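Subject: Structure handover

Hello,

Here is the structure I promised to pass on. Please open it and keep it in view while you read.

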Amino acid sequence: MLTRNSLYLLLWILFDGGLLTPLQPQPQQTLVTEPKENVIHLPGRRSHFQRVKRGWVWNQFFVLEEYMGSEPQYVGKLHSDLDKGEGTVKYTLSGDGAGTVFTIDETTGDIHAIRSLDREEKPFYTLRAQAVDIETRKPLEPESEFIIKVQDINDNEPKFLDGPYVASVPEMSPVGAYVLQVKATDADDPTYGNSARVVYSILQGQPYFSIDPKTGVIRTALPNMDREVKEQYQVLIQAKDMGGQLGGLAGTTIVNITLTDVNDNPPRFPKSIFHLKVPESSPIGSAIGRIRAVDPDFGKNAEIEYNIVPGDGGNLFDIVTDEDTQEGIIKLKKPLDFETKKAYTFKVEASNLHLDHRFHSAGPFKDTATVKISVLDVDEPPVFSKPFYTMEVYEDTPVGTIIGAVTAQDLDVGSSAVRYFIDWKTDGNSYFTIDGIEGTIATNELLDRESTAQYNFSIIASKVSNPLLTSKVNILINVLDVNEFPPEISVPYETAVCENAKPGQIIQIVSAADRDLSPSGQQFSFRLSPEAAIKPNFTVHDFKNNTAGIETRRNGYSRRQQELYFLPIIIEDSSYPVQSSTNTMTIRVCRCDSDGSILSCNVEAIFLPVGLSTGALIAILLCIVILLAIVVLYVALRRQRKKDTLMTSKEDIRDNVIHYDDEGGGEEDTQAFDIGALRNPKVIEENKIRRDIKPDSLCLPRQRPQVEDNTDIRDFIHQRLQENDADPAAPPYDSLATYAYEGNGSVAESLSSIDSLTTEADQDYDYLSDWGPRFKVLADMFGEEEESYIPDNVT
């Protein structure tokens, strides 16, 4: 620092032409100013220069950290060339720590640190200095900024921030194998001195491991370290600052190093022979013993595979590895029998699954041991001669008939008698019985194949010497069929024959079904019944394959003559005893086209024109319906028109009659016309259906020529009068019925011609001319001229 400050002074004198006055004997704490027109005093000499400067130029001050003196630590001095020592200049300080960490003498400009500083907490402080005139309070110099740096001391030891460490390295690694790199951190200033230069060393863990003093890399120091000998190592590492020199501070950490396993050891059986005892009753697949090979390795390197070496007895056993204990579990593959073989010997080989090629030179990683198994005698249940039994019996077999037998034996050394019984859980209805000593099975009920075709139950055999030892076998009994049902046509057929059919045509193929369980190869035969074979319209052709064809025997059939034919067919089976049945088939005659396709089989179709299709028939029916509807509508409209004319027309003769009736009816009939009063009650009672019929009006001329005597007209009118009078269904508009009930009190009295029924005498109608113009028409019709008599009913 002294050299650096001296260099600053020399450069300033040479290049700037100014003067520098050290204000503090310590070279580390110097404040340099550039006065505008000042005299700078140097120690030991005094020179005067005057020049105009631009302001202050400050160097940084230094202060020691962790200062423990009783007086405030002197930092430096501020001085302006304008300060003549007369007390007119005041120095001020502002910025980081001003007033709390650093203070200044306002008169002399001396700066002190009033408390101990820690560089690791804050390495420097930035402050601003100002020279002010005391009287005017105006700045004498521009405000300038300077730095006070906290000078480092070695007060922090190295620290391992990530410790303690955990590391691993494979066993049997060579010297210098990388293990781990540790790192220590020193909070001191690394740019100042050796306070932060760290050196690493091992305090504990030699001679197994070494560490690089500069980098902190830990490596193995011994070859072939064996995990099976020692697995865990604890290494103590030290980091020391000051480059490891005396007086430096140190920190330590622990590194726990584990040797990881490699497959450097083969499995080994602790003994060469293993003895096992197995009861002969052990079930197949059960574990009968365990053996174990020892492998000092760990994890997958200690996984062992066991195999049985082919040899005597090895095919009866199997061995698998227990993944948790790495033991070999011996299992039974086939049943054991003490009476057949009492001991078995075989070899088992144990080998590693995961091999390391680096250790192949050490030899094969496998070992072999001998296993001897002794079979123990066990009292066993009886054994049936078959795994299951199948028997057959005919249905309707008499009760008590023996249908078969079962056999079971005690295979133990001391043979015992065997007893048999049926498991009631499987034959709850007791269809069969068994002889407990002989084992013969007989029927206990009449069997019906159509009800139950098969029975399945179990037989239990037990030893007399130990009834608790039992064995069970399944019995399957098939009920054989006895031919008791006749064959029948399998499905109902709807058979049709064309009217234009030719002889020898097959119109239907039929098949038969039998409810009996027919044995293989049973045949059905088909033929006509004797009564149908006398004069057959159809015949049956047996195809000899359980089917038959219905064949025509006539040249054409007529639906008009016969629509349905009934054909009786006899079907027989080939079982014993032979069963047969008669089945009647219905054959319908249908109309077909030239290709034989059926067009219609309905009876109504007989009367339809030949050659018309169904669509044409439907069209014809629709036309007929439309025409009927038009006719009905026309009649209804015509009837309505006639009714309206009858009731409203002023030109109708009946209306004239009504007008006359209004006058001739007298005062009782002057308000309105009551049509009911004009009707003949007798006609209404006898026949009411003709009341709405309007008779055709007879057009008469208003003026008739006078004839002296026209007998033809009179006879004609007289004839018509009698026909109408004698007809009970005559219309109610006849003047005989109408004028007979015209009302009472008329001056003209009644105008009815009802008396004309009994007389043909001429009447005098001259008085009609005296009645006025209203009766002029009647007067013209019945005038003085001699005319043929015209009755009133003509109107």
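Below is what I found in it, topic by topic.

**Ground rules**

This is a predicted model, so local features need pLDDT of at least 70 and side-chain atom pairs count only at pLDDT 80 or more, while totals for chains, interfaces and linings use all residues. Residues are numbered from 1 along each chain as its sequence is written, and side-chain values use heavy atoms, with hydrogens and water left out.

**Overview**

The protein has 7 helices and 41 strands. Both are DSSP runs, numbered from the N terminus: helices are H or I with at least four residues, strands are E with at least two. Of the 795 residues, 37% count as buried. Buried means under 20% relative accessible area, exposed means over 50%, and partly exposed is in between (1.4 Å probe, protein chains only). The protein exposes about 46,900 Å², and carbon and sulfur atoms supply 53% of that. These areas come from the Shrake-Rupley method with a 1.4 Å probe; for residues, only the protein chains shown count as cover.

Now contacts, meaning heavy atoms within 4.5 Å. Take those between residues at least 6 apart in sequence: 65% of them join residues at least 24 apart.

**Two cores**

A nonpolar core is a set of buried Ala, Val, Leu, Ile, Met, Phe, Trp, Tyr and Cys residues joined through side-chain atoms within 4.5 Å. The largest one has 25 residues. Phe-269, Phe-317, Ile-330, Val-348, Val-371 and Ile-373 have the most contacts inside it. Strands β17, β18, β19, β20, β21, β22 and β23 each supply at least two residues of this core. Look at Val-371. Leaving aside neighbours within four places in sequence, its contacts include Phe-274, Ile-291, Ile-330 and Val-348.

**Strands and sheets**

Strands of a sheet pair through backbone hydrogen bonds, either parallel or antiparallel. Here, two strands pair if DSSP finds at least two bridges between them.

Start with the open sheet of 4 strands. Its order is β33-β35-β38-β37, and the pairing is antiparallel. β33 and β37 are the edge strands, each pairing on one side only. Between β37 and β38 there are 5 bridges. Val-540 stands opposite Ile-550 in β38.

Next, find β40 (residues 580-592). β34 runs parallel to β40, with 4 bridges between the two. β39 runs antiparallel to β40, joined by 9 bridges. β41 also pairs with β40 in the antiparallel sense, over 2 bridges. β40 and β41 form a hairpin with 5 residues between them, and Gly-596 in the turn has a positive phi of about 95°.

β36 pairs antiparallel with β39 through 4 bridges.

**Salt bridges**

A salt bridge is a side-chain nitrogen of Lys or Arg within 4 Å of a carboxyl oxygen of Asp or Glu. By this rule there are 17.

- Lys-90 and Glu-106 meet at 4.0 Å, N to O. Lys-90 lies in strand β5 and Glu-106 in the loop between β6 and β7, so the pair ties together parts 16 residues apart in sequence.
- Arg-290 and Asp-322 have their closest N and O atoms 3.1 Å apart. The two residues are 32 apart in the chain. Arg-290 is partly exposed at 42% relative accessibility, whereas Asp-322 is buried at 16%.
- Lys-366 and Glu-349 come to 3.9 Å. Lys-366 is in strand β23 and Glu-349 in strand β22, so this pair links parts 17 residues apart in sequence.

There is also a network: salt bridges that share partners join Arg-227, Glu-228, Glu-231 and Asp-261.

**A surface patch**

Patches are made of residues with over 30% relative accessible area and no salt bridge; like charges are joined within 9 Å, nonpolar side chains (Val, Leu, Ile, Met, Phe, Trp, Tyr) within 5 Å. Ile-620, Leu-621, Ile-624 and Leu-628 form a nonpolar one, with about 380 Å² of accessible area together. Leu-628 is in helix α2 (residues 614-648). Leu-628 counts as exposed, at 53% relative accessibility.

Best wishes
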